[in-house]
Amino acid sequence: MIQERLRQKAKELLESKAVDLIVGFGEGSLPLRATPIFIRNPQEVNRLIWNSFCGHNLSTYLHKLKSLKVGLVVKGCDSRSAVALLLEKRFKADQLFLIGVPCQRMVDRRRVKRAVQGEILRVSAQGDELIVEGEDFKTTLNRKDFLYPSCQVCVHRMPLRADVLLGKPVEEFSLLETHPEIEEFLGKTPEERWDYFERETGRCIRCYACREACPMCYCTECFVDSSNPQWMEKGLSPSDLEFYHIVRAYHQTGRCSGCGACERACPMEIRLTYLTQKLNEDVKELFGFETGVVGDAFAPLSTYDMGDKQEFIK
Amino acid sequence: MKLRLDKKDFHSFLRGLMVHYELFAPVQLGEGVSVYKKIGDPSEVALLPSNPQKPAKEVFFPQSETMFRYGKVGVQTEVTSTEKVERKRILLGPRPCDLKAVSLLDSVFAGKDYRDVYYVNKRNATTVIGMACDQPLSTCFCSSMDGGPFFREGSDLFLIDLGEAYLVEVLTEKGKAIETNEFLKEADTNDLELAREIEQKATKKAETSLSLEGIEGRLDRMVESPFWDQVGEKCIGCRICTYLCPTCHCFDIVDEDLNGKGERVRHWDSCLSSLYSQETSGHNPRPTNRERTRQRLMHKFNYFPKNVGRIACVGCGRCVLYCPADSDIRETIKEIQKFKCQSSNAK
Amino acid sequence: MVNGIEIGWEPKILAFLCNWCSYAGADLAGTSRIQYPPNIRVIRVPCSGRINPLFILKALQGGIDGVLVSGCHPGDCHYLSGNYVGRRKSATLKRFLEYLGLEEGRVQFSWVSAAEGGKFSQVVQEVIQDIKKLGPEKRFVKK
Amino acid sequence: MNNPYLSIPMMVKKAYTETTDRMLRTLELIFQKEEDKKAFGFIPGQFCELSLFGKGEAPLGIASSPTENGSLKFTINRAGRVTTALHHIEEGEEIGVRGPLGNGYPINLFKGHNLLVVGGGFAFTTLRSLIAYLLEPQNRSGVKEVTLIYGARMPGLLLYKKELQEWSERDDMKVVVTVDVGDQNWKGKVGLVPNVLEETAPSSEDTYAVVCGPPVMIRFTLPKLKALQFPDERIYTSLERRMKCGIGKCGRCNIGHLYVCKDGPVFSLEQLNKLPREG
């Protein structure tokens, strides 16, 4: 079982002092949740878990652990973020020990919540089934129907780079020709698209959880906080909220692994991955680049090709 | 005084109120996402079984609020304050936890030293129709915070959902202004009996055993504890727990300007933001999550009690529900409470 | 009102011109007395690669109806590769803004060399035409 | 109800650069309305929020003494948006002033005792207010001996040079001015403030010490005061924190249960020792 091997590996790493700490997933205090945990003591490795709710992209913590050797539990998307961060020289490769876990794709707690009436008190996953219980109900749900939007379109479930890989490799999904949500969205008129964007971002409370949850958002001063120059106001006017979300997403161009951490973090349930997925798709189409897939490739916006498309330029 | 309001009359009742009052109530912005907003039509009101994401404090202390407008008149600047509240207001639907939080905010904004006119004016103009919490969640811990799902403090009128109707309890003089409304009938004994049952059931369901005894003193001794490294380590530094907290009240003041004409605005701010306490020189007295998470907890469970004599947490559970790192303040409190034993043993 | 656009309305257009080519091209248009409408406001930048997407968004938010970014032709960049890097940013930004629902044509790009006074005038006229068809920028402007 | 967020209009009567690095500029402001002038009473050590519409507010210690009637003086270090704008404001322009805010120096406590004032850099502003106040003939007898030790990095960075000269010529106070690094024209003392303090060794007997300066100076000065046997409850300092509202609501200057803007900025070392150490 993956969880067992994970604990064993973590113990080995800590005991041999190959790493200073393990950043992994622990049992959350609420059903349908896991929580990031930081383990330094080999005796505590049994707190590590692996299940359908390990959605966090833990590489977002790496910035704060710069002086340490970190053993990081990664899924496919997380490993890509870690590679992208290495590419941006956020830390040295030998500081990082990636414990790769093939990902069965994670369950979206909000989808599950919507499927039942009443508060969910207990959840267990058995194979493809989720058994959900509340005070006066018990239902069985098909796991596949309740995945995160980002997981539904995930093509790299296997960590692309790992120092150790736990569990049997899972089948990789074939590359999707198109992204169904993006297709659908592009079918709308520009006006309808803008209205949707405005409605979604209109709920924003500027908690910046999307930014903080994202491993790639590590600027010491975010454009939104800059006071000189001051790019935007800090209030809730629709234009300012749109401004923030356009630039937050656009700054991920060629850097986003599509993990969906931004969207999961949002307390107002704003759809965000339809923005970054589009950027990922464009970057792939225009420059043949996928974040964190080839470790030593230049980030697409920091380089160029003489033959880049330019039909849009007069 | 206990009255009955049939649900079929609810919209008419609200429409009647809206002749004299501006109405603020929960509005749904998306499936499962709601906030308190000014109501244009009663059909917008969404009294959901659980708390809106953003707390009711927003009605008195908006996330983003213009304090005054300014413009140049010759060499002088003319300033027009927006402190005045033109119409009387009704706040409909806040649960006891949010209202208890408002009473805590009163001690900040309407306290003894400086009175915050923007808050106080709104507060004075508002009649509160509170809502009994008949379906407390497992994340609620109001009963451990000297509150409860049927805690009536802060409500002028108090609604209890009876299924087909609401039982309306008139609790204050301010609330009495509404009791003459044509849609309010006298409640009968069945209504009262039913309400009592609902109250008992909810109160039982909301029972929690989180102990806060002695937390202030314990925290006094924990300021330099490595415990805060542990708390801060998991925090990703977003502002959810502070923005969604019904008692958090930090703010920033900025000017929004266009060609010499503009507004001074205050926005909610958060002690968890790295820039919050950073000085212009670049020096930051709270440089890491350790100091920032400590500030948040100390403020709620130590500093606030020192100043006001009450804990600045009402147990609404929002920070538990919405933390993107799934940090649970109840767990943190338990660990703080355990800390006492360790340190006293050591001594 | 025609097609929802007020009669007599004139678009405000902001042009970011690279110092070495397009700005000189605009200068040449001027000294050669080639005419183009006065809807355009010019900001000189060292290179088209200097354009931060924030510049474009800030302009649109502040009430500009259309933005033109113009730099040296490929191979002509004073800094050798600035316009190539800029080209990638432009391509992704343009696609992204249109995907979000900003009208196609609000943000445009061109290569204009120091010798192309005529082309500069033509590009400006085309951009103005396009923006006139679109009408005032109402989606993103701060009200 | 009085709105504590509104400022009173004042006019810039005089504006001049203080130091050779041009980072410090003094503004002298006069009241525009007679009623504002009457209502504005303050004690040295208090501060105001200076307001420039369109830029925002900046908290600044009052550098003038309450005895200098009718005008207020502020010395501004150019650092951020607002202070930069304050460096560009011209004589005759209007400015908003909100205050006085904070507690100020405990002047009543100082009465009948000796006073040692230790200042460094541009934190000297409110100390100047304090000294100017105490040197007024009607106040001078309130305290016994007054000793001032003041230092800056370079001679050109010393504030209020003319006054320093005047004070040093007085026989009812002792003035020691020092610089970290001198130049060819500098004839005074060269040395860091804490070292000069040690050297000067003022008696702690019946003496209160007021220390204001950059954090690093304070850090090294406090041990020297202790060595001179100043007790914590007789050492006072004025804290710097990021502030916005100035009235203890917005939260950012919170240390422990106190707010620097409302409960401070002046604290005794004894008080500070009881607060969480946030540097």
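Predicted model: local features only at pLDDT ≥ 70, side-chain atom pairs only at ≥ 80, totals over all residues.
Colleague: How much of chain B counts as buried, and what share of its contacts comes from residues 24 or more positions apart?

Modeller: Being buried takes 20 or more other C-beta atoms within 10 Å, and 50% of the 347 residues of chain B qualify. Among contacts in chain B with a separation of 6 or more, 70% are between residues 24 or more positions apart.

Colleague: Which residues of helix H1 of chain B are buried, and why do you put them on the same side?

Modeller: They are B:Phe13, B:Leu14 and B:Leu17, in the helix that runs over residues 10-20. Around the axis of H1(B) they cover an arc of only 95°, so they share one side. Their cover includes strands E1 (2-6), E2 (22-30) and E6 (89-92), along with helix H5 (173-179), of chain B.

Colleague: How many residues make the contact of chain B with chain A, and which element of chain B gives the most?

Modeller: It takes 33 residues from chain B and 28 residues from chain A. Two or more residues each come from E2, helix H8 (227-234), helix H9 (240-243), strand E11 (251-258) and strand E12 (261-268) of chain B. E11(B) gives the most, with three residues. By type, the chain B side divides into 14 nonpolar, nine polar and ten charged.

Colleague: And what makes up the side of chain C that touches chain A?

Modeller: There, 32 residues of chain C are in contact with 29 residues of chain A. Helix H2 (53-61), helix H3 (82-100), strand E4 (107-111) and helix H4 (117-134) of chain C each supply at least two residues. H3(C) has the largest share, 13 residues. The chain C side divides into 16 nonpolar, six polar and ten charged.

Colleague: Which domains does the assignment give for chain A, and how many residues join them?

Modeller: Domain 1 of chain A covers 2-108 + 147-300, and domain 2 of chain A covers 109-146. Their C-alpha centres lie 25 Å apart. Nine residues of domain 1 of chain A are in contact with 13 residues of domain 2 of chain A. On the domain 1 side, those residues divide into four nonpolar, two polar and three charged.

Colleague: Last one: where is the pLDDT of chain B below 50?

Modeller: The mean pLDDT of chain B is 92, and 97% of its residues reach 70 or more. Residues 343-347 of chain B are below 50, and this stretch has one contact beyond near neighbours in sequence.

How values were computed
Residues numbered from 1 in each chain as written. Chains lettered and ligands numbered in written order. Buried ≥ 20, exposed ≤ 12 C-beta atoms within 10 Å, placed from the backbone. Contact = placed C-beta atoms within 7 Å. Domains from an automatic or database assignment. Nonpolar A, V, L, I, M, F, W, Y, C, P; charged D, E, K, R; others polar. pLDDT = per-residue confidence, 0-100. Helix = DSSP H or I, 4+ residues; strand = E, 2+ residues; numbered from the N terminus. Arc of directions from axis to C-beta.
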